[in-house]
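Here is a short report on one protein model. Keep the sequence and the 3D view open as you read.

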Amino acid sequence: MEARFNLFDSPTAAKVAKRFYSTSLALEGSTLPKAVRELVELRVGQLNGCGFCVDVHTKEAAAAGETALRLHLVAAWRHSTVFTEAERAALALAEEGTRLGDHGVSDETWAEVRKHYDDDQVGALVCVVSLINAATRMNVIVHNPGGSYEPGMFAGMSS
């Protein structure tokens, strides 16, 4: 499978992609654990059918020490025992924030998120969900396939 369009071949899209990546780097300074960020990004990639994002976030999470068991169970997190209550709250926010047209983010999910995360972490979670949803949509629109990502591959984009 080949992408129908390379966003980096478009001067405007390439500028946006580079700035988009640089924006996401601000999340690295957050107190929100990297494991939570990667699990949320993986789940949104799954929900939106983005093979590229699933590839990226599975590999980045594994490189950061995430276990294969937990990565395999993200798609069925509600029916798994390997996630903490805080992670479950973040995954619920990821799902509801991705499927806004269904009913939006419920008060119950929001209360669980607020119970487990401080203001900086909540802000980071909202940004992670929003940014990865935009990224998945760009990749799905152009049919960017998964399978060729190597951890750290985007590091040069911020310069």
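The report goes from the inside of the model to its surface.

## About the model

This is a predicted model, in which local features need pLDDT of at least 70, side-chain atom pairs count only at pLDDT 80 or more, and totals for chains, interfaces and linings use all residues. Residues are numbered from 1 along each chain as its sequence is written, and side-chain values use heavy atoms, with hydrogens and water left out.

## The nonpolar cores

In soluble globular proteins, nonpolar side chains tend to be buried together. A nonpolar core here is a set of buried Ala, Val, Leu, Ile, Met, Phe, Trp, Tyr and Cys residues joined through side-chain atoms within 4.5 Å. Buried means under 20% relative accessible area, exposed means over 50%, and partly exposed lies in between (1.4 Å probe, protein chains only).

The largest core has 25 residues. Leu 32, Val 36, Val 40, Ala 90, Val 113, Tyr 117 and Leu 125 touch the most other members. Helix 2, helix 3, helix 5 (85-98) and helix 8 each give two or more residues to this core. The largest share, eight residues, comes from helix 8. Helices are DSSP runs of H or I with at least four residues, strands are runs of E with at least two, and both are numbered from the N terminus.

Which residues does Leu 125 contact, leaving aside its neighbours within four places in sequence? They are Leu 32, Val 36, Val 40, Ala 90, Leu 93, Val 113 and Tyr 117. Contact means heavy atoms within 4.5 Å. Another core, of nine residues, lies apart from the largest one. Among its members are Leu 42, Val 74, Phe 83 and Ala 92.

## One aromatic pair

A search of the whole structure finds one aromatic pair. The ring centres of Phe 52 and Tyr 149 are 6.4 Å apart and the planes are at 85 degrees, so the pair is edge-to-face. The rule covers rings of Phe, Tyr and Trp (its six-membered ring) with centres within 6.5 Å; planes under 30 degrees apart count as stacked, over 60 as edge-to-face, and the rest as tilted.

Phe 52 lies in helix 3 (residues 51-63) and Tyr 149 in the segment after helix 8, so the pair ties together parts that are 97 residues apart in sequence. Phe 52 counts as buried, because its relative accessibility is 10%. Tyr 149 is also buried, at 3%.

## Salt bridges

Side chains of opposite charge can pair when their charged atoms come close. The structure holds nine salt bridges. Each one is a side-chain nitrogen of Lys or Arg within 4 Å of a carboxyl oxygen of Asp or Glu.

Lys 34 and Glu 38 meet in one of them, at 3.0 Å from N to O. Both lie in helix 2, four residues apart, about one turn of the helix. Is Glu 38 buried or exposed? Glu 38 is buried, with a relative accessible area of 6%. Lys 34 is partly exposed, at 30%. Leaving aside its neighbours within four places in sequence, Glu 38 also contacts His 57, Glu 60 and Ala 61.

Arg 37 and Glu 28 meet at 3.1 Å, N to O. Arg 37 is buried at 6% relative accessibility, whereas Glu 28 is partly exposed at 46%. Glu 95 and Arg 78 form a salt bridge at 3.1 Å, N to O. Glu 95 lies in helix 5 and Arg 78 in the loop between helix 4 and helix 5, so this pair ties together parts that are 17 residues apart in sequence. Glu 95 is buried at 8%, whereas Arg 78 is partly exposed at 44%. Arg 43, Arg 78 and Glu 95 are linked in a network of salt bridges.

Leu 100, Val 105, Trp 110 and Val 126 make a nonpolar surface patch of about 330 Å². Patches are made of residues with over 30% relative accessible area and no salt bridge: like charges are joined within 9 Å, nonpolar side chains (Val, Leu, Ile, Met, Phe, Trp, Tyr) within 5 Å. The areas come from the Shrake-Rupley method with a 1.4 Å probe, and for residues only the protein chains shown count as cover. Val 126 sits in helix 8 (residues 119-141). Val 126 is partly exposed, at 36% relative accessibility.

Most residues other than glycine have a negative phi. His 143 has a positive phi of about 60 degrees, although it is not a glycine. His 143 is found in the segment after helix 8. At 33% relative accessibility, His 143 counts as partly exposed.
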